[in-house]
Amino acid sequence: MEWVQAVVEGIAPYLEGMGAGSYIDTWQDVELKFDAMPPSYALTMRSGESTVDTLEAVEDTKGNAGEEGTMTCTPLRIIWVSSRSQFSNLSIGYGCIKSISVRPVYSKLLNADADALKVIATQDGGVRYEFLFTSKDPQRSSRMFETVEGLHRAYSKTKMYRKVMARSPEIVDPQGELRLLSRETVFEKVQGVWNLASEQGVLGALTITNVRCTWHSVTSTNLNASLPYLHICGVRTQDTKYGHALVIETDKRSGRLLLGFRVDPIEKLERLADHIKKMWMTFQRSPVFGVEIAFEEFLAGPEKGKIRDETRQQIDPDEPAPEESPRAELDQNKQLEKPESVAKLSNEMFPWEASECYSHGQMRIVLDRQSGLAIGAPDPGEGITGRSTLRELIRL
C-alpha cells in the first residue's frame with residue numbers, strides 16, 4: 001500500500017489549499033518524481049501549465065534503457081512517460097536542474113552510439129541525479145536539446161514571477177517605480193501603507209498587479225518586498241497590537257511568512273484586502289508563470305539543426321561529487337566491450353552493418369550488430385544473408 005501513502009502525501013497540499021480558499025501548491029517546478037503512483041498524480045498538469053513541445057520516441061537511456069517514451073516539455077518541468085507502461089514515468093522540475101549538456105552514449109533502443117541530452121538535477125540540494133534522454137530520430141535530437149535548454153533558460157530568468165523576495169534592487173527602481181515584468185500589469189497603487197515588520201512600522205506604498213503584491217518604503221527603496229500570488233496561501237484582516245491590519249501569509253515553500261500592513265481608515269483597509277484576495281483567486285484559476293520561449297528565436301542562426309556538445313551551464317567545481325543514487329551510476333553493461341585488437345573496417349571492404357573486426361586464430365571475426373553475434377567474416381563481396389552456414393559463432 002505504499003502507493004496509497006504516496007497519494008495521500010501528494011494531495012495533502014491540495015487539501016490544505018482547499019481549507020485556505022484558493023491556494024494550490026505548485027510543486028511541479030521544484031521537485032523530482034520517479035515512477036509516481038498513481039501516474040495521474042505526477043502527469044496531470046496543474047492549472048495554467050500547458051504543453052510547449054511533445055517529442056515522441058525518446059529513450060530514458062539511464063533509467064529505462066531500451067524503452068520508447070514520450071517527452072513533454074511544459075513551462076515548469078520535463079515529463080517523460082514510457083510507451084509500454086505509464087507507471088514508468090519521470091517529472092523533472094526546472095528548479096531542480098543544475099546543468100544541461102550533450103553526451104555521447106550507447107543507446108539500447110537504437111543499438112548504436114548516439115548523442116543524448118544529459119540533465120543533472122538535485123532534490124532540495126541533496127542527492128544529485130543524472131538523466132540521459134536519447135531520441136530515436138537523430139534528426140529530432142537537436143530540437144529536443146534546444147527546447148529543454150530554451151525553457152530552462154527562460155525559467156531561470158523569470159524567478160520574480162515565482163519567488164518571494166525582500167530588500168532586492170530588482171523590485172523597484174531608484175525613483176520608487178515598480179520594475180514591471182514582461183507580462184505584468186498594475187491594477188492599483190496605494191500610498192500610505194504601513195509595513196508592520198518593525199515596532200515603529202515603515203510607511204510606504206503597496207502595488208497590486210496581476211501576478212503579485214509589492215510594497216516599498218517611500219524613504220528608502222531598498223526596503224521592499226515582492227509577494228507572488230503563486231506562493232500566497234492566505235489573505236485576511238485581523239486585529240493586532242497595531243490595530244486592525246491586513247495579513248498576507250505565504251506557503252511552506254517560501255518560509256511560512258506572515259506580513260502585516262496597516263492603512264487608515266478601516267474601510268480603505270477592507271477594500272484593499274478584498275481587492276488583493278480577488279486578484280489572488282483569479283491568479284490561482286489562471287496563473288502566469290512567466291516562462292515563454294519562441295521557437296524561431298532559439299532555433300535560429302548558424303547553430304540551427306546542429307548538436308552542440310558544450311555544457312550549457314557549468315556546475316560549481318567546488319560542489320561535492322554526486323552521491324550514490326539509482327541514477328548516479330551508468331550501467332556499463334550497456335556499453336559494448338571491444339578487445340584491444342579491434343580494427344575499424346571501411347564499408348567498402350564489408351558492405352554489411354558490422355564495423356568492428358579482430359583476428360581469432362586464422363579466422364577474421366566481425367561483429368554483426370543485427371544478431372548481436374561475433375561471426376566469421378564472409379568472403380569479399382558476399383553478404384551475411386547470402387551465406388548458407390556460419391563457420392563459427394561467438395556470442396558476445
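Residues are numbered from 1 along each chain as its sequence is written, and side-chain values use heavy atoms, with hydrogens and water left out. In this predicted model, local features need pLDDT of at least 70 and side-chain atom pairs count only at pLDDT 80 or more, whereas totals for chains, interfaces and linings use all residues.

**Overall composition**

The protein chain contains five helices and 21 strands, where helices (H or I, at least four residues) and strands (E, at least two) are DSSP runs numbered from the N terminus. Of its 396 residues, 47% are buried; buried means under 20% relative accessible area, exposed over 50%, and partly exposed in between, with a 1.4 Å probe and protein chains only. The accessible surface of the protein chain is about 20,500 Å², and carbon and sulfur atoms account for 50% of that surface; such areas come from the Shrake-Rupley method with a 1.4 Å probe, and for residues only the protein chains shown count as cover. Among contacts (heavy atoms within 4.5 Å) between residues at least 6 apart in sequence, 53% join residues at least 24 apart.

**The sheet and strand E12**

Eight strands form an open antiparallel sheet in the order E9-E13-E12-E11-E10-E16-E15-E14, two strands being paired if DSSP finds at least two bridges between them. Strand E9 (165-166) and E14 stand at the edges with a single partner strand each, so one side of each lacks a neighbour in the sheet. Helix H4 packs on this sheet, touching E10, E11, E12, E14, E15 and E16, and its direction makes about 165° with that of E14; axes are lines fitted to C-alpha atoms, for helices over the stretch in contact, and angles run from 0 to 180 degrees between N-to-C directions.

| Strand pair | Bridges | A bridge partner pair |
|---|---|---|
| E11 and E12 | five bridges | Gly-204 and Ser-217 |
| E12 and E13 | five bridges | Trp-215 and Ala-225 |
| E14 and E15 | eight bridges | Gln-238 and Ala-245 |

E11 and E12 form a hairpin with two residues between them, while the hairpin of E12 and E13 has six residues between its strands. Six of the six residues of E12 are buried, so this strand is largely enclosed by the rest of the structure. In a regular strand the side chains alternate between the two faces of the sheet. Both faces of E12 are covered, with Arg-212, Thr-214 and His-216 buried on one side and Cys-213, Trp-215 and Ser-217 buried on the other.

**Nonpolar cores and cysteines**

A nonpolar core is a set of buried Ala, Val, Leu, Ile, Met, Phe, Trp, Tyr and Cys residues joined through side-chain atoms within 4.5 Å. The largest has 37 residues, and those with the most contacts inside it are Leu-206, Tyr-229, Leu-246, Phe-261, Leu-272 and Ile-276. At least two residues of this core come from each of E10 (186-195), E11 (202-209), E12 (212-217), E14 (232-240), E15 (243-250), E16 (258-262) and H4 (266-285), and H4 gives the most, with seven residues. Not counting residues up to four places away in sequence, Phe-261 touches several residues, including Trp-194, Leu-206, Trp-215, Leu-246 and Leu-269. A second, separate core of 27 residues includes Met-71, Val-119, Ala-154 and Tyr-155.

The structure holds zero disulfides, a disulfide being a pair of cysteine sulfur atoms within 2.5 Å. Cys-73 is buried with a relative accessible area of 0%, and Cys-213 is buried with a value of 2%.
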